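Please open the model in your viewer, show it as a cartoon, and keep the selection tool at hand.

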Amino acid sequence: MIKIWTDGSCLGNPGPGGWAFIVTDGTNIAERSGGEKDTTNNRMELSAVIAALNATKKHTEVEIHTDSQYVKNGMETWLKNWKSRGWKTADKKPVKNKELWMQLDELASSVKIHWIWVRGHDGESFNERCDELARSYAETLK
């Protein structure tokens, strides 16, 4: 099973943003980053996971480490209810970032994901590196 770390960053919110992921199979490590000129932190958190899953499609089981409760809770708890309500929240408002949630849901349907929350800015090396990559990419878009 491969392990993935993801992070998103936004300079302002909204503002220029970056996402990043690191993938390792225990021997090899790959890093990727990207971003958007006008976005939000939550969009970048989702984009990081989407990009990581797109890059690792041949794998059927992955471990995703994220410091985003938004992404983890969305996938483990909220998504099922949003879909059953026609993409509405509990208070009947449209789900924000629906198109990204739909992409992530589609990608997740073909892989077993073990979600692991990590505390951000707490010294976990791959999480810190993802944060650095995401922020650096966002800086290039200023």
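Select helix H2 (residues 69-84), which lies across S4 and S5 and runs at about 140° to S5; axes here are lines fitted to C-alpha atoms, for helices over the stretch in contact, with angles from 0 to 180 degrees between N-to-C directions. Helices (H or I, at least four residues) and strands (E, at least two) are DSSP runs numbered from the N terminus, and contact means heavy atoms within 4.5 Å.

Before going on, note that this is a predicted model, in which local features need pLDDT of at least 70 and side-chain atom pairs count only at pLDDT 80 or more, while totals for chains, interfaces and linings use all residues. Residues are numbered from 1 along each chain as its sequence is written, and side-chain values use heavy atoms, with hydrogens and water left out.

Within H2, pick Lys 72. Lys 72 is buried, with a relative accessible area of 16%, where buried means under 20% relative accessible area, exposed over 50%, and partly exposed in between (1.4 Å probe, protein chains only). Leaving aside neighbours within four places in sequence, Lys 72 is in contact with Thr 66, Trp 115, Ile 116 and Trp 117.

**Second stop: the sheet**

Now select the strands, which form an open sheet of five in the order S3-S2-S1-S4-S5, with mixed pairing; two strands pair if DSSP finds at least two bridges between them. Strand S3 (29-39) and strand S5 (112-117) stand at the edges with a single partner strand each, so one side of each is left without a neighbour in the sheet. From one strand to the next, the twist averages 20°.

Strand S4 (residues 61-66) pairs with S5 in the parallel sense over six bridges, and Thr 66 has Trp 117 of S5 as its bridge partner. Also in S5 is Lys 112, which counts as partly exposed at 48% relative accessibility. Not counting residues up to four places away in sequence, Lys 112 touches Thr 60, Glu 61 and Val 62.

Select helix H1 (residues 41-55), which lies across strand S1 (2-10), strand S2 (15-24), S3, S4 and S5, running at about 150° to S1. How many of the 15 residues of H1 are buried? Eleven of them are, so that H1 is mostly covered; among them are Arg 43 and Glu 45.

**Fourth stop: the nonpolar cores**

A nonpolar core is a set of buried Ala, Val, Leu, Ile, Met, Phe, Trp, Tyr and Cys residues joined through side-chain atoms within 4.5 Å. The largest one has 30 residues, of which Ile 4, Leu 53, Val 62, Ile 64, Trp 101, Leu 104 and Ile 113 touch the most other members. S1, S2, H1, S4, H2, helix H3 (98-108) and S5 each supply at least two residues of this core, and its largest share, eight residues, comes from H1.

Centre the view on Leu 104, which, not counting residues up to four places away in sequence, touches Leu 46, Val 49, Ile 50, Leu 53, Val 71 and Met 75.

Cys 10 is buried, with a relative accessible area of 17%, and Cys 130 counts as buried at 0% relative accessibility.
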